[in-house]
Amino acid sequence: GPPPLAAGALPQAGQRRARPAGLSSIGGPPPAVVVTRPEARTFAGAPAPVAATITGGTVPLTGTLLVDGLATTVVPTVSGSTFTFPWDTTKLRDGSHTIQVSTKDAANLTAASAVLSEIVDNQAPSAVLYQPNSSNARSNGPTTFQVHASDGYGVKSVRFTVDGSPVGALLTAPDAGQLYLYTIRFDTSTL
C-alpha cells in the first residue's frame, strides 16, 4: 500500500521537544476477500454459487473466480460488497477441486481469498427398488418399501414416493447393519 505520511515540527528556542502532527495514509485500506459460500470441503453439483465478500480497496473492484488455480471467465453478480459467481461444475470431472476468489481495485492493488477444497459430484445416485416387487405391488395395508441406493460419494437421503407423492419418513441413513439398503413400512390403505 501507499507509505504513511508523517509531519513534525522543529523546536523553537526555549521549547523542550517537538510535537508530532500525527500520521495519515493516502487512499483507503487494500482490498480483502473472504469466500462465504460454499463452505470448505462440501459437495458441489450442477450450478453451484460461489459467493465472496470483497472489502476495502479503491472502487471500482473486479472479482475473478479461480478453479484449480486457473482464472475463469465467469461473470459475477454484485450486490454491495458480495460477488456471486455461478460456478458450472458440470464442466469438471467428479472429485476434489479448489476454488478461490481474487480481486483487483482501481489502484491495481490485488488480494485473494483462502483456497478452499470442494468435492464435485455431478453423478446422480443409483437406486433399485427391491420391495414391493411386481407380485405385491398392489397391496392394501402395511407394506414394506425397500431400495438399494448408492453413490460414489455417499447417499444424502432416500425418499419413497407413490404416484409422485412422498410416503413415510425421509431416510438419511441406511438400515442398521447395512450399507446400501433403506427400508420403511407404510400403510398403503391411507392412499
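**Note on an all-strand predicted model**

1. A127 stands opposite A149 in β14. β14 covers residues 142–150 and pairs with β13 in the antiparallel sense over five bridges. Two strands are said to pair if DSSP finds at least two bridges between them. Strands themselves are DSSP runs of E with at least two residues, while helices are runs of H or I with at least four residues, and both are numbered from the N terminus.

2. Some remarks on the basis of this note are in order. The model is predicted, so that local features need pLDDT of at least 70 and side-chain atom pairs count only at pLDDT 80 or more, whereas totals for chains, interfaces and linings use all residues. Residues are numbered from 1 along each chain as its sequence is written, and side-chain values use heavy atoms, with hydrogens and water left out.

3. The chain contains 17 strands and zero helices. Of its 191 residues, 27% count as buried; buried means under 20% relative accessible area, exposed over 50%, and partly exposed in between, with a 1.4 Å probe and protein chains only. Among contacts between residues at least 6 apart in sequence, 55% join residues at least 24 apart. A contact here means heavy atoms within 4.5 Å.

4. The pair described in point 1 belongs to an open sheet of three strands, in the order β13-β14-β17, with antiparallel pairing. β13 (126–131) and β17 (181–187) are the edge strands; each has a single partner, so one side of each is left without a neighbour in the sheet. Neighbouring strands of this sheet are turned by 25° against each other on average, direction ignored. For such angles, axes are lines fitted to C-alpha atoms, for helices over the stretch in contact, and angles run from 0 to 180 degrees between N-to-C directions.

5. Leaving aside neighbours within four places in sequence, T143 is in contact with P132, I184, R185, F186 and T188. P132 is found in the loop between β13 and β14, and a cis peptide bond, with omega about 0°, joins Q131 to P132.

6. A second open sheet has four strands in the order β3-β5-β9-β8, with antiparallel pairing. Its edge strands, β3 and β8 (77–79), each pair on one side only.

7. In soluble globular proteins, nonpolar side chains tend to be buried together.

8. D68, in the loop between β6 and β7 (70–71), has a positive phi of about 55° although it is not a glycine; D68 is partly exposed, at 37% relative accessible area. N108, in the loop between β10 and β11 (110–112), has a positive phi near 65° and is exposed, at 53%.
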